[in-house]
Amino acid sequence: MSRRRISAVVAALALGGAVPVLLPAAPASAAACSSYPSWVAGRPYATGDIVRYTDGKAYIAEHDNPGYDPTISTWYWEPYACDGGSTPVGNFVVSEAQFNQMFPGRNAFYTYSGLTAALGAYPGFATTGSDTVKKQEAAAFLANVSHETGGLVYVVEQNTANYPTYCDWNQPYGCPAGQAAYYGRGPIQLSWNFNYKAAGDALGIDLLNNPWLVQNDAAVAWKTALWYWNTQSGPGTMTPHNAMVNGAGFGQTIRSINGSLECDGKNPAQVQSRVSKYQQFAQILGVSPGGNLYC
């Protein structure tokens, strides 16, 4: 395993590791628009907050803001589907109802609103190519995420004995948050100080000094997963995003995430687990999974 890729060990660790920091929770369901608090001008809002505007429609904060008008400050706010979750938010091809169907036992931390708030960081994700390709990419991303986190149950790496090993003191910036601070967190288990530095620099968030944001802020957690998916090739030869939009197939996403441990016959059971989950999610989205499923 390359130490410069995101750790992909949480699924295995979850079987014999420590007690999760956050416990699984029942899935949240979409609420009626009227259940959200009314927007108040000048009141500070955090990323992921959902409000009901004066027109009765709901909006979700994509960025922290001091109470900007959701219909004017569209960089800070995005319309939010609150009709029971039957329609996707914005341009995302996965509705909240489908998301809940994919992750029936997910941790309450991994919110749909956190995911949709993170999408703006990589606008090409699940919006590139035909409708089929868009849905295939979303299914592929969420299938790998499901495998990494035991179905969006685990927020942090379960084997705490590993925590001190993710600090590379050879980096010029060292480990300012502490030697044991850079353990796996989030949907694709971001780990190592240099990955926190790289992801934080790309996202404009100081994750090197505050890696705990990845386990405390759902939108940040999802952004780190999207950062890897869209920009990193890991042990593979292409990013997972490029693998899906350029027709290389789901198998190449596995190679880019954990190919050094799973591909080329090294761990066929783990590969099959990812493929089966991808096929399931593709079916939920009503799309063919395509070819080249294995690595």
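This is a predicted model: local features need pLDDT of at least 70, side-chain atom pairs count only at pLDDT 80 or more; totals for chains, interfaces and linings use all residues.
View 1. The side chain of Arg 185 puts a polar atom 2.7 Å from the backbone oxygen of Ala 181.

Residues are numbered from 1 along each chain as its sequence is written, and side-chain values use heavy atoms, with hydrogens and water left out.

**View 2. Arg 185 without a salt bridge.** Arg 185 lies in the loop between α4 and α5; helices (H or I, at least four residues) and strands (E, at least two) are DSSP runs, numbered from the N terminus. Arg 185 is buried yet has no salt bridge, and the nearest side chain of opposite charge, Glu 157, is 8.7 Å away. Buried means under 20% relative accessible area, exposed over 50%, and partly exposed in between (1.4 Å probe, protein chains only). A salt bridge needs a side-chain nitrogen of Lys or Arg within 4 Å of a carboxyl oxygen of Asp or Glu. For charge, Lys and Arg count as positive and Asp and Glu as negative, with His and the chain ends not counted. Leaving out residues up to four places away in sequence, Arg 185 touches several others, including Val 155, Tyr 196 and Trp 212; contact means heavy atoms within 4.5 Å.

**View 3. Trp 192 between two ring partners.** Tyr 166 and Trp 192 make an edge-to-face aromatic pair, 5.6 Å centre to centre with 80 degrees between the planes. Both residues sit in the loop between α4 (131-149) and α5 (193-203), 26 residues apart. The rings of Trp 192 and Phe 194 are stacked, because their centres are 5.2 Å apart and their planes at 10 degrees. (Rings of Phe, Tyr and Trp, using its six-membered ring, pair if their centres lie within 6.5 Å; planes under 30 degrees apart are stacked, over 60 edge-to-face and the rest tilted.) Tyr 166 is buried at 8% relative accessible area, Trp 192 at 15% and Phe 194 at 6%.

**View 4. Trp 169, out in the open.** Trp 169 belongs to the loop between α4 and α5 and is exposed, with a relative accessible area of 52%. Not counting residues up to four places away in sequence, Trp 169 touches Gly 174, Cys 175 and Gln 179.

**View 5. Arg 274 and two glutamates.** Glu 148 forms a salt bridge with Arg 274, with the closest N and O atoms 2.7 Å apart. That pair links helix α4 to helix α10 (residues 268-284), across 126 residues. Glu 262 also bridges to Arg 274, here at 2.8 Å. Glu 262 lies in helix α9 (residues 250-262) and Arg 274 in helix α10, so this pair ties together parts twelve residues apart in sequence. Glu 262 is buried at 3% relative accessible area, and Arg 274 at 0%. Shared partners join Glu 148, Glu 262 and Arg 274 into one salt-bridge network.

Technical notes. A polar contact is a pair of N or O atoms within 3.5 Å; within protein, one must be able to donate a hydrogen and the other to accept it, and residues adjacent in sequence count only if both atoms are side-chain atoms.
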